[in-house]
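Dear colleague,

Please find the structure below for your records. My notes on it follow directly after.

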Amino acid sequence: MFALVSLLLASFLAPEVSAVIGDDLNCTVYNGTFFVWTPAAVQCENTIADSSCAILYPTTDTLGLPAAGNNAGRPLACYTTATATPAAVVPDMKTAALANCAKTCGFCCQTDAYNCANVAFPRLNCATITKSQCDSVTWRTIIATDCPSACGFCNQGGCVDAVTNCANDLSICQTVGMQDFVNSYCQRTCGRCPSTTAASGTVTSTGSSGTCTSYTADTTTQCTAWAANGFCTNTFYTAAQRKARCATTCKLC
Ligand SMILES: *[C@@H]1O[C@H](CO)[C@@H](O)[C@H](O)[C@H]1NC(C)=O
Ligand SMILES: *[C@@H]1O[C@H](CO)[C@@H](O)[C@H](O)[C@H]1NC(C)=O
């Protein structure tokens, strides 16, 4: 009887695979023994409900879903139509997963908000930044500058609110007694980030009086968006940092 029940159970359960990440190694890091998920692999939210993602992208791994530091296999439907590994990546499957269930699939690091370069010499280790640091008033503005990819700040141009709920009450931006507060903590929501970008979108290069005729290539595709947010003239960044990222867009010799 017991044997029969076990047999029935076994045939109902999908074959469980032991933990290993293969086929598509994006958002993983080799820890000396295994490829494991980076914190940025799962830092974002799914676009649709987590419960829907769990149905669309079921995992057969005994470890469950990708989480920072573990090596649970990526749910197959996230990137392939095959039913076993090794499997070829099917771009359409991956595109759909990125758009809808990036967290469930461990693809957060490849979404637009997370897919940009960090500064060359960050003040903290970008690879180990945690979700609580991303929400922390102590860390947010530093991370936005040095490690935008770690917290999904790639489209923020280095300008984030230090606290996460400024937008709950936009009236504080105009409240007389709140100005010191919003200047320090709601820079983005209340438009208080330094921005001296000329209105037309053209950039006046203040930090450099050089007269070069060509510029070093930008090292990130975010420069246009950042320039619109005042990156090129934001003295929060050193001239060297601005030049290292967006020399062409900012016209820095
Ligand atoms: C990461 O994803 C891209 C496209 O989505 C793919 O071309 C590349 O091979 C992947 N890299 C790794 C290491 O799997
Ligand atoms: C690498 O990751 C695996 C899976 O999470 C873990 O069991 C192992 O201890 C890690 N190894 C090192 C050297 O950190």
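Helix α9 (residues 239-250) has twelve residues, yet its end C-alpha atoms lie only 10 Å apart, short of the 16 Å that a straight helix would reach at 1.5 Å a residue. That expected span is 1.5 Å times one less than the number of residues; helices here are DSSP runs of H or I with at least four residues, and strands are runs of E with at least two, numbered from the N terminus.

The model is predicted: local features need pLDDT of at least 70, side-chain atom pairs count only at pLDDT 80 or more, and totals for chains, interfaces and linings use all residues. Residues are numbered from 1 along each chain as its sequence is written, while chains are lettered from A and ligands numbered from 1 in the order in which they are written.

Among the buried residues of α9 are R242, C246 and C250. A residue is buried if 20 or more other C-beta atoms, placed from the backbone, lie within 10 Å of its own, exposed if 12 or fewer, and partly exposed in between. The buried residues of α9 pack against α8 (223-228), where contact requires C-beta atoms, placed from the backbone, within 7 Å. After α9 comes K251, with a positive phi near 55°.

Elsewhere, Q179 is found in helix α7 (residues 179-185). Q179 counts as partly exposed because it has 14 C-beta neighbours inside 10 Å. The C-alpha atoms of Q179 and C190 are separated by 9.7 Å, although these residues are eleven apart along the chain.

Definitions and conventions:
Two residues are in contact if their C-beta atoms, placed from the backbone, lie within 7 Å.
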